[in-house]
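Morning, everyone. I have one structure to walk through today. Please have a look at it first.

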Amino acid sequence: MPLQDTAPLRVLRLICSPRGSDSESYRLSQQIFDRLANQAGERGLELTDLDLNDLPHVDHDYAAALASPVEPEHTHPGSALHRSDVLIRQLDAADVLLIATPMHNYTVPSALKTWIDHIVRIRVTFIGTPQGKQGILRDRPVHVAIASGGLISGENARQPDFLRPYLTAALGTVGLHDLHYFAVEGTARGEAALEAAREQARTAVEAFFMAGA
Ligand SMILES: Cc1cc2nc3c(=O)[nH]c(=O)nc-3n(C[C@H](O)[C@H](O)[C@H](O)COP(=O)(O)O)c2cc1C
């Protein structure tokens, strides 16, 4: 049997809420993680948690390198380019990407946007073609656990959802297209509504993994 079929399934989880493991998005991601563990069976899982809240923004040299027609020969430890190399290697090593994210102002929180700025990189994770940007990374499942204070889907939603279309476009740029969204919606609508939203999200996770079993 090839090594990749027996080695543990490598899951990279991005923790994007400033509330970390106290957050609703983290809680939902944990349910997804448990289903992945079930699915992996004896193969097992290897989880890497990456809290994005301390990730610095990209810097001057990073912006200059992306604007240049050639890659810099060296990246210095501590620079954004070096950090980008490390984050891209970490993403590329994962079999499954699990994103735990709140909605902030109709879209992804700035911590997740900063990570995206580091991993969407011309010549490294995508190339420009006359037809548009073409992703270089191998596709793999991406599960996204969203928490939002208000509703973001259905006829009672009263706000735009730029989070899902944006994330789909950004990850698609690097070649990740196998995205699955789960959401706890309306966390700010009181305890009863929150419990109902958690239950709805839990049922959606169960149904998804039952269907794929
Ligand atoms: C800066 C900020 C912006 C927010 N913007 C939105 C928003 O646009 N739409 C919404 O439904 N909820 C919004 N919320 C509420 C959060 O999405 C909600 O509290 C969610 O449950 C947080 O998820 P977490 O527990 O995973 O951090 C915002 C919260 C913060 C802190």
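Let me start with a question: which residues of α5 are buried? They are Ala111, Leu112, Thr114, Trp115, Ile116, His118 and Ile119. Buried here means under 20% relative accessible area; exposed means over 50%, and partly exposed is in between, with a 1.4 Å probe and protein chains only.

Some ground rules. This is a predicted model, where local features need pLDDT of at least 70, side-chain atom pairs count only at pLDDT 80 or more, and totals for chains, interfaces and linings use all residues. Residues are numbered from 1 along each chain as its sequence is written, and side-chain values use heavy atoms, with hydrogens and water left out.

Now the overall layout. The protein chain has seven helices and seven strands. Helices (H or I, at least four residues) and strands (E, at least two) are DSSP runs, numbered from the N terminus. In sequence order, the pattern is α-β-α-β-α-α-β-α-β-β-β-α-β-α.

Next, overall dimensions. The C-alpha trace spans about 55 × 50 × 35 Å along its principal axes. For 213 residues, a compact globule would have a radius of gyration near 17 Å, and the protein chain agrees with that at 18 Å. That radius is taken over C-alpha atoms, and the globule rule is 2.2 Å times the number of residues to the power 0.38.

How much of the chain is buried? Of the 213 residues, 43%. Contacts, meaning heavy atoms within 4.5 Å, come next. Among those with a separation of 6 or more, 78% are between residues 24 or more positions apart.

Charges, briefly. There are 19 positive and 26 negative ones, and their mean positions are 2 Å apart. Lys and Arg count as positive, Asp and Glu as negative; His and the chain ends are not counted. Each charge is placed at NZ of Lys, CZ of Arg, CG of Asp or CD of Glu.

Back to α5. Seven of its ten residues are buried, so the helix is largely enclosed by the rest of the structure. What do those buried residues pack against? β1, β2, α3, α4, β3 and α6 (163-173).

One of those partners is α4, residues 80-93. This helix has 14 residues and reaches 20 Å from first C-alpha to last, close to the 20 Å expected at 1.5 Å a residue. The expected span is 1.5 Å times one less than the number of residues. In α4, the buried residues are Ala80, Leu81, Ser84, Asp85, Leu87, Ile88 and Leu91. Their cover includes β1 (9-15), β2 (45-51), α3 (60-67), β3 (96-102) and α5 (110-119).

Now look at Leu52, in the loop between β2 and α3. Leu52 is buried, with a relative accessible area of 2%. Leaving out residues up to four places away in sequence, Leu52 touches Leu14, Ile15, Cys16, Ala111, Leu112 and Trp115.

Last stop: the loop between β3 and α5, where we find Asn105 and Tyr106. Asn105 has a phi near 50 degrees, a positive value in a residue other than glycine. Tyr106 is not a glycine either, and has a positive phi of about 75 degrees. How accessible are they? Asn105 counts as exposed, at 72% relative accessibility. Tyr106 counts as partly exposed, at 37%.

That's my tour. Over to you.
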